[in-house]
Amino acid sequence: MILFREIYKFSFLSTVLLTFLIGGAMQFFLGVSNTLLTLALSGLALANYTIYCLLSGRILFNKVVFALMFFLAVILFSGLINQSGVAKIILYCLFVILPFSLYGFAHINWKEGIVSYRSIFKLLFYIGLFQFPVLLIQRNFYQELIGWNRSGQKIEWYDFMYGTFFIKSDHSLCLFLLILISILIFTPSVRQLGVRFRWLNVSILSVAIFLTESNISKLFLSLLLAFVVILPIYRKYYRNKRFQILTGVFLLSLIFMVFQLKDYDFMKKRLGGKFEDQFSIETAYKQYENTTAKRSQIVLVAIKKLEPKFIGSGPFSYFDFFKGTFTKTQHFSQLIWAYFDLGFLGLFAVILLIFSIVKSITTVKGVPFVIFSGIIIVYAFYTTILADIAIMASLFILFKQKID
């Protein structure tokens, strides 16, 4: 077991550095494949977990593993019914293999205490701070740096703010930073984490998020910071009638202002036209047919126009991995893919898995649990979280708060 602990420490450090610090540079400058890196790290994590099971004589089986097995069964069922082909079915199973391997890998440390949480947080915290200068460079020197691109991917300026994470991983970068910010804010004493200057560091990490192009992350950060400011005031004055009236007036005014913003030119530019036009079924279906629909429009079309999908069209029917082409609009989305590929059954399996993961990694219950689960579901709408090693590692290695 002593030898295994040393192997695990090496594997842990390698996983963290490749995922959060040097993987993106390897892709950009050397042309190392995203898929290859992800598979290699998944294999390393799975190998550690397999060795641990053999040495300890214990196999992990809980709600997360059950949810993963159910998701795997849905993939196999849809693939066989739709005759998707062995290669597509096997590759689609990465959505199960990656979270399982990372979950099992993190489980070892939380059971055996091989690497202390203080050490984990300090390392990832400094990696988080390092994103700020990197993002500044990426945001201001796109033209100078893009000529060095050897990844084989077309990287537009809005995809270039990925920090030291994998290419085009702005959502996973921002979720990672949001978790760091949340830990800094809600930990009673940050000294126990081995860091100082709570609010200075929160400010630096927050600015880093605003340097990216992940608008949903900026919204979540704004709500988090507003909550931190408002909650103490609410706790002190919530029984005061004047405070209740002022709060009501403020909220109504805010809603009115947001509603009015939709008619401004900059909002029309962001939406691609008038709000009413963009969210009409006619416009949505037209853009869906033209392969230019936004994610929300795809959902609208699926609800209003398309035949319900119960088992989907089979793995990688929405995005053909081997050809690198989309059937319709070019969006990476775990939820959209799940519905079109695996139907309602697949969509249910993904959401069940997300709730199982959140319940496994946090001690919060009630409304906070629902809010955090909702945040992860929103990210699943904007990216393929189950194939994103940075998101899985952030949840299982950085955020996980309890031992199973």
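In helix 17, the buried residues (under 20% relative accessible area, with a 1.4 Å probe and protein chains only) are Phe369, Phe372, Ser373, Ile376, Ile377, Tyr379, Ala380 and Phe381. The model is predicted, so local features need pLDDT of at least 70 and side-chain atom pairs count only at pLDDT 80 or more, while totals for chains, interfaces and linings use all residues. Residues are numbered from 1 along each chain as its sequence is written, and side-chain values use heavy atoms, without hydrogens and water.

Helix 17 covers residues 367-382; helices are DSSP runs of H or I with at least four residues, strands are runs of E with at least two, and both are numbered from the N terminus. Its 16 residues reach 23 Å from first to last C-alpha, close to the 22 Å expected, where the expected span is 1.5 Å times one less than the number of residues. The buried residues of helix 17 pack against helices 8, 10, 15, 16 and 18.

The largest nonpolar core has 118 residues. Such a core is a set of buried Ala, Val, Leu, Ile, Met, Phe, Trp, Tyr and Cys residues joined through side-chain atoms within 4.5 Å. Among the members that touch the most others are Phe20, Leu395 and Phe396. Beyond four places in sequence, Phe20 is in contact (heavy atoms within 4.5 Å) with residues including Leu124, Phe165, Phe176 and Ala390.

Lys305 lies in the loop between helix 15 and strand 1. Lys305 counts as partly exposed because its relative accessibility is 47%, and partly exposed runs between the buried limit and 50%. Leaving out residues up to four places away, Lys305 touches Ile281, Tyr285 and Leu300.
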